[in-house]
Amino acid sequence: MDSVAKGVAGVAAASALGLLGYLTWKINNLEGLSQREPLGNHRERLVPRSPRSQQSSAPELAAMETLMYMHDAVSNDREVDNVIERIIRVGYNVLQAERISVMLLSKDKRKLVVIESQDAEGVSIDSTKGIAGYVVQTGETVNVPDAYQDPRFNNKMDQEHGFRTSSVLCCAIFSNEDIVGVIQAINKLDITGAVTEFTKEDENMIRYIAANAGIALKKAQLYSHAIRAKRQSQALLSIVQARSTENTLEQLIHTIIEAAYQYFLAERVSLFFVDHVRDELWIGVSKDNLEGLTCPVGQGIAGYVARH
């Protein structure tokens with residue numbers, strides 16, 4: 001097994017152990033389910049002691065099924081967008097929030113970009129401002145009962161979307177030990193549909209969801225790197241094979257251009273030739289019907305490279 005495969009297997013195993021630990025904790029804490037009845041074959045059946053215990057355990061079992069659904073996505077789906085979408089769906093089911101968003105840090109870490117949201121997908125915000133910005137800077141899980149009473153709250157999104165934020169629960173998403181984004185739930189809803197405050201149990205739940213989001217992002221990164229390395233190796237191999245066979249110069253150039261597209265995933269690739277007599281460049285190969293166009297050596301990026 002190569003290093004990439006081991007890395008993917010490792011994060012999947014970590015996710016599985018995390019789920020097992022959480023489910024074990026939940027089962028051990030289900031009210032009134034401490035009494036057990038043996039079923040044989042070394043298995044046991046949970047036996048409720050009262051109708052009240054049955055009623056109280058139903059939401060717990062539903063939550064566990066939902067978390068298992070999320071774990072299946074993290075373990076088996078290689079497309080990060082699909083995994084994040086399923087994690088958001090799980091968040092709605094177990095947190096009972098009016099809005100849930102996932103925001104990831106930009107490469108320069110100056111912006112938080114909303115990659116999954118009901119009404120703000122694609123929006124970017126300053127990574128140092130607002131409650132989400134505070135979580136990115138500190139790594140703390142923040143539970144705010146009334147956003148407009150919290151000085152960290154930025155109401156710009158409310159104003160732009162005609163929304164009213166009341167309670168907020170926000171947690172950092174880690175990949176390895178680095179914060180890569182946040183998951184934020186807004187407006188906890190009770191059984192009547194009224195907005196209420198998030199609970200301590202909600203805090204534990206969003207941390208678990210955020211941990212799975214981090215694992216999903218890490219897996220996607222490893223998979224992406226593996227695919228890119230394979231693609232680049234195939235591109236280089238095609239050039240080596242073309243040089244070792246009896247291809248014409250035109251065929252070799254065509255292979256090089258195709259390999260460049262595959263290696264760089266570029267939108268356009270052109271091959272320039274230098275005419276030292278006229279001191280100019282001319283496009284010899286291009287997929288955009290630009291062959292024959294010329295420019296002086298020293299002008300433009302290609303001309304600068306040719307000169308230096």
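**View 1. The second largest pocket and its lining.** In this predicted model, 17 residues line the second largest pocket, and L104, L105, V180, L217 and Q221 lie nearest its centre. A pocket here is an open set of points, on a 1 Å grid over the protein atoms alone, where a 1.4 Å probe fits, with protein on both sides within 12 Å along at least five of seven lines; lining residues have an atom within 4 Å of a point. The space inside comes to about 410 Å³, a volume being the space filled by probe spheres set on the points, which are joined across faces, edges and corners. At least two lining residues come from each of β3 (97-105), β8 (178-189) and α6 (200-244), and α6 gives the most, with 7 residues. Helices (H or I, at least four residues) and strands (E, at least two) are DSSP runs, numbered from the N terminus. By class, the lining holds 7 nonpolar, 5 polar and 5 charged residues. Nonpolar covers Ala, Val, Leu, Ile, Met, Phe, Trp, Tyr, Cys and Pro, charged covers Asp, Glu, Lys and Arg, and the others, Gly among them, are polar.

A word on the model: as it is predicted, local features need pLDDT of at least 70 and side-chain atom pairs count only at pLDDT 80 or more, while totals for chains, interfaces and linings use all residues. Residues are numbered from 1 along each chain as its sequence is written, and side-chain values use heavy atoms, with hydrogens and water left out.

**View 2. Strand β7 between its two partners.** Take a look at β7 (residues 168-175), where 7 of 8 residues are buried; buried means under 20% relative accessible area, exposed over 50%, and partly exposed in between (1.4 Å probe, protein chains only). β7 pairs with strand β6 (residues 142-144) in the antiparallel sense over 3 bridges, with V168 as the bridge partner of V144. Strands count as paired if DSSP finds at least two bridges between them. β7 and β8 also run antiparallel, joined by 8 bridges, and L169 stands opposite A185 in β8. This β7-β8 hairpin has 2 residues between its strands, and N176 in the turn has a positive phi of about 60°.

View 3. For C170, the nearest cysteine sulfur is that of C171, 7.5 Å away. C170 counts as buried because its relative accessibility is 0%. C295, by contrast, counts as partly exposed because its value is 23%.

**View 4. The β10-β11 hairpin and E280.** Strand β10 (residues 270-275) is joined to β11 by 6 bridges in an antiparallel arrangement, and V274 stands opposite L281 in β11. The hairpin has 4 residues between the strands, and D279 in the turn has a positive phi of about 55°. E280 is in β11 (residues 280-286) and counts as buried because its relative accessible area is 18%. Leaving out residues up to four places away in sequence, E280 touches F273, V274, D275, T294, C295, P296 and V297; contact means heavy atoms within 4.5 Å.

**View 5. Helix α4 and the residue after it.** In α4 (residues 130-138), the buried residues are G130, I131, A132, G133, V135 and V136. Just after α4 comes G139, with a positive phi of about 80°.

Terms used: A disulfide is a pair of cysteine sulfur atoms within 2.5 Å.
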